[in-house]
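Here is a friendly briefing on one protein model, arranged by topic. Have a look at the structure first, and then follow the points below.

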Amino acid sequence: MARTNGTVGPLPVQSVGRSLDLLEAIADEELGLVALAKRVGFGPSTAYRLLATLAARGYVTRSAENGTYRLGPKLLEMAAAARDQDVRLRAIVHPHLRALRDATGETANLVMADDDAVVYVDQAESPQSVRLFTTIGRRVPLHASGGGKAIAAFSPPAAVDELVAGGLARLTERTLVTSRALGDELARIRARGYAIDDEEYETGVVCVAAALRGADGEPVAAVTVSGPAARMRGHGLDALGALVREHADRASADLGAGAATPVGH
């Protein structure tokens, strides 16, 4: 959701893209100027100017011994900060996952968006013998998941446009695969504050989800409750949605957001 490809949404800035190409190449292997320029496919003079800027900001360093470039301390600082943010997010949300698991008997998850998918980053597993089992790190298409739709509903329209432009794969007979169907669904999610994956990713599995918001009010992740379709419907999906949204709002407040999901955003 966060990345744009030049087809819709903001156009990419060439110099930024080239700088990132250099950083990715250096992350793979420490190389000198000429080898780096050849690796990323542009001239040594362009590579030199970009590397000089990156070095001045601490993103790369140049070896005095052999002239090769390596990642700099600024990137390490940023990586550590991102890790600390993820640790804080999980620490705040995990008690809510346990509470949702205990209240419903179903598996509760924390998911984060990554381009056109959501990634499972934490879980409180159901104690029932028949339950949803999802490994941490698993990726699920954003348009076919409760957590993904909950995040998309409160994301900028350009990000949703990009998701649609990339194609909406049909995974079950219930998957939403058109722009209109997805748009109508996201409007319903904004109106009620929670999303439902009604066997859209996997036949026989239902998920209810609500977005988590950061201090700026934007969605940063989602809390979900998932389980066998018959059992989930037996709980009452509207009641489950209200419960999941309540916990998502409380966790969002702990993250520094306002007191309630911005319905109708």
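Just past helix α9, G256 adopts a positive phi of about 105°. The protein chain as a whole holds nine helices and eight strands, where helices (H or I, at least four residues) and strands (E, at least two) are DSSP runs numbered from the N terminus. This is a predicted model, in which local features need pLDDT of at least 70 and side-chain atom pairs count only at pLDDT 80 or more, while totals for chains, interfaces and linings use all residues. Residues are numbered from 1 along each chain as its sequence is written, and side-chain values use heavy atoms, with hydrogens and water left out.

**The chain overall**
- Of the 265 residues in the protein chain, 44% are buried; buried means under 20% relative accessible area, exposed over 50%, and partly exposed in between, with a 1.4 Å probe and protein chains only.
- Taking contacts between residues at least 6 apart in sequence, 59% join residues at least 24 apart, a contact being heavy atoms within 4.5 Å.

**Helix α9**
- Helix α9 covers residues 237-254, and its 18 residues reach 26 Å from first C-alpha to last, close to the 26 Å expected at 1.5 Å a residue; the expected span is 1.5 Å times one less than the number of residues.
- Its buried residues are L237, L240, G241, V244, R245, H247, A248, D249, A251 and S252.

- Which residues of α3 are buried? They are T46, A47, L50, L51 and L54.
- Seen down the axis of α3, these buried residues fall within an arc of 125°, so they line one face of the helix; the arc is that of the directions from the helix axis to the C-beta atoms.
- An α-helix has 3.6 residues a turn, so residues three or four places apart point the same way.
- R49 and A56 are exposed on the other side of α3.
- The packing partners of the buried α3 residues are α1 (14-28), α2 (33-40), β1 (60-62) and β2 (69-71).
- G58, which follows α3, has a positive phi near 85°.

**How α1 meets α2**
- The axes of α1 and α2 are 10 Å apart, and the two helices pack at an angle of about 115°; axes are lines fitted to C-alpha atoms, for helices over the stretch in contact, and angles run from 0 to 180 degrees between N-to-C directions.
- That makes α1 roughly perpendicular to α2, a label for angles of 65 to 115 degrees.
- From α1, the residues D21, L22, A25, I26 and D28 meet L36, R39 and V40 of α2.

**E185 in α7**
- E185 sits in helix α7 (residues 179-192) and counts as buried at 8% relative accessibility.
- Beyond its neighbours within four places in sequence, E185 is in contact with K149, L176, R192 and I196.
- A150 is 35 residues from E185 along the chain, and their C-alpha atoms are separated by 9.9 Å.

- D115, in the loop between β3 (107-114) and β4 (117-124), has a positive phi near 60° without being a glycine.
- At 24% relative accessibility, D115 counts as partly exposed.
- E199 is not a glycine either, and has a positive phi of about 60°; E199 lies in the loop between β6 (195-198) and β7 (205-213).
- With a relative accessible area of 12%, E199 is buried.

Note on methods
Parallel < 35°, antiparallel > 145°, perpendicular 65-115°, else oblique.
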